[in-house]
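Here is a short tour to read with the structure open beside you. We will go from the whole chain down to a couple of residues worth a look.

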Amino acid sequence: MNLAGGVQIVSFAILAAMMIGSALGVVLFSNIVYSAFLLGGVFVSISGLYLLLNADFVAAAQLLVYVGAVNVLILFAIMLVNKQEDFVPLPKAWARKALTALVSVGLFVLLSTMVLATPWSYSTATPVNNSIVLIGEHFFTDFLLPFELASVLLLMAMVGAIILARREYLPPEATSDQMPQTVLQLPERPRELVSAASDDK
């Protein structure tokens, strides 16, 4: 993107603030659905940063793969598997929180030191005219094994989501006081009801 220097700095500041705020919301919100939506905001912000770096194909792939597939898959998995559970307070929970805060601060200091110590410089190289062809060549030559492993990993995640969302058929019990099944009722019940019915028997 051929933008002026001031526009690039302002765009970078807005995208960086959006990404940091969304990332903090992912880890600080108690509602996991809100965290999943904010994770989509993080992915969108990263896509905008890729656009500022003239990586248009990577930005489009970020939106299609991460926002359009992975984040939607996470949302569906959360909404299908999310259960209300009463968690028992753990003893000495403050120690775990303190350890988590210590590790987080240590990682922040380490990354900040790396950013400040790295000699950043502007690149004077001209962008490639057709970056898609170059990325395809690297995918199928230099990075063929990681590309195939990522494909298998995504396939395993999709199969796991299908197994989690699968419902087992449970025929209704014929009782005299039970109302007849209407058209609006589903002829299947969740897996929890299947296990509960088998335990009662």
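How much of the accessible surface of the protein belongs to carbon and sulfur atoms? The share is 72%, out of an accessible surface of about 16,300 Å². Please keep in mind as you read that this is a predicted model.

**Overall fold**
- You will find seven helices in the protein and zero strands.
- Of the 201 residues in the protein, 12% are buried.
- Among contacts with a separation of 6 or more, 53% come from residues 24 or more positions apart.

**Q62, a buried residue in a helix**
- Look for Q62 in helix α3, which covers residues 56–81.
- Q62 has a relative accessible area of 8%, and because the cut-off for buried is under 20%, Q62 counts as buried.
- Setting aside neighbours within four places in sequence, the contacts of Q62 are F43, I46, S47, Y50 and V67.

**N54, a residue in a loop**
- N54 sits in the loop that links α2 (32–52) and α3.
- The phi of N54 is positive, at about 65°, although N54 is not a glycine.
- For background, most residues other than glycine have a negative phi.
- With a relative accessible area of 38%, N54 is partly exposed, because that value falls between the 20% and 50% cut-offs.

Definitions and conventions. Residues numbered from 1 in each chain as written. Predicted model: local features only at pLDDT ≥ 70, side-chain atom pairs only at ≥ 80, totals over all residues. Heavy atoms only, no water. Helix = DSSP H or I, 4+ residues; strand = E, 2+ residues; numbered from the N terminus. Buried < 20%, exposed > 50% of the residue type's maximum accessible area, 1.4 Å probe, protein only. Contact = heavy atoms within 4.5 Å. Areas by Shrake-Rupley, 256 points an atom, 1.4 Å probe, with all protein chains shown as cover.
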